[in-house]
Structures are given as C-alpha cells and as structure tokens.
Amino acid sequence: MTQTEQSKAAKKFSEDWKDKGYEKGESQKFWLDLLCNVFGIKDFANFVYFENQIKEKFTDKTITNFIDIYIPSTKVMIEQKSIDKDLREPIRQSDGTLLNPFQQARKYISGLPLSQHPRWVVTSNFKSFLVYDMENPNGEPEEILLENLEKEYYRLSFITDQGSVHLKKELEVSKKAGDIIGEIYIIWTALRASCFCKLWELTNGE
C-alpha cells in the first residue's frame, strides 16, 4: 500500500466512523477495519487478540477481567471505550473502584507475565486515541484524533510495525527543515547582494 493509498484509506475510515462508537457492539469492527483497511493486515486472526482473559485474585474470590485488544508481535494493549467516555476521567469498574482507561490497562498489566507486558498502551473512545509509551509510563500521552487520521495515520503505525518510531508529528521535522531552508535563504540573499554590489563596482569602474 502506497502512502497515497493509505492516506485515502485513513480518510475513508475516519468518515465511516465519524460520530459512531458503542464499546460492546462496535469495538472489534472498528479495530479490524483500521488494522486491515488502513494498515494492511491480512492474517488478522493470528495478529490481534480480543477479550483476552486475565484473573484477578482476592482473598475470598477470583475475578475474571478482559483485555479488550492485545497485539503480541508489536506489544500493544488497547483499552476501548464508548464515544461518550472521557479517556482522561475515571470510570467506575465492576469492583466499584474508579479508574481511567489507562489506569485500568495498568491494572491488567500487573497480572500478566513480564514477557507479555506491552510496550505501548492505547486508549480510545472511537474519536480519539491516547498513546502511552510504557518506557515512560508517567509521561503525557500522545493524542491522535480520528478527524485528523487522513494526515496523521502514520502516528499509529507502531501498532502494526515493530520498527516504527513515527509517533511524533511530522510538524517537528518540518519545522527543523524550515529552519534550515530559512538559513540557506539568508545566505543566498547575502551572496546575491554581494554579487550585485561587485557587478555595480565593475560596471561603474568601466
């Protein structure tokens, strides 16, 4: 898939899912659509796992929790919420505790073997993606909006590509490139002025 094709696919995806988002009924369709049609995953049955069980043991009982989405090859855990949920605000859990989606994911991580700990945690409410780098779990997440996916789809490429480090916006790269071009322009302007002055001196000297 070329970048142009991927951008078009991302645009269609964002248009198809605008104002939609019921956690229980549409989460799997949402992510399969994104993975297969935007990022080109073909063998999704062996790539992504839904509703993985994880046991939480208490003194008098054991509770079964479910990890919404887990991708072993890229070590990505995804916690999906409905469109009306604020991803940064706490939500009441089945045991009565209040946790935001990222805190909920961290709770699940604590029950996994170390080899299965994710590198990335993504929380989503269909209209927004918050991405947490577990190399810096206390840092601020990167946010990608569904409405901007046509231009910023590459920021989610780490979900399917182990080698991707393109989470930061290309704006930072563009700014550096712009600074360099600006410096080149200043030098070129100075050289041009110098040449004109030299030409004027030679012409007047004649």
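Two residues are said to be in contact when heavy atoms of each lie within 4.5 Å. In this predicted model, Ile71 touches Leu35, Phe47, Val48, Val76, Ile78 and Ile159, with residues up to four places away in sequence left out of the count.

Ile71 also belongs to the largest nonpolar core, which has 30 residues; Trp31, Ile71, Leu149 and Leu156 touch the most other members. Two or more residues of this core come from each of α1 (3–16), α2 (23–38), β2 (62–71), β3 (76–80), β6 (120–124) and β7 (128–133). The greatest contribution, five residues, is made by α2.

Seven of its 10 residues are buried, so β2 is largely enclosed by the rest of the structure. On one side of the pairing pattern stands β1 (residues 49–57), which runs antiparallel to β2 and is joined to it by eight bridges. One of the bridge pairs links Glu56 with Ile63 of β2, and a hairpin of four residues connects the two strands. The strand β2 also pairs with β3, again in the antiparallel sense, over three bridges. Here Ile69 has Ile78 of β3 as its bridge partner. Four residues lie between β2 and β3 in their hairpin, and Lys75 in the turn has a positive phi of about 55°.

Finally, consider Ser157, in the loop between α4 (149–152) and α5 (170–205). Is Ser157 buried or exposed? Its relative accessibility is 14%, and residues under 20% are classed as buried, so Ser157 counts as buried. The side chain of Ser157 reaches the backbone oxygen of Tyr154 at 2.7 Å.

Terms used:
Residues numbered from 1 in each chain as written. Predicted model: local features only at pLDDT ≥ 70, side-chain atom pairs only at ≥ 80, totals over all residues. Heavy atoms only, no water. Core = buried A, V, L, I, M, F, W, Y, C linked by side-chain atoms within 4.5 Å. Buried < 20%, exposed > 50% of the residue type's maximum accessible area, 1.4 Å probe, protein only. Polar contact = N/O pair within 3.5 Å; in protein donor to acceptor, adjacent residues only side chain to side chain. Pairing = 2+ DSSP bridges.
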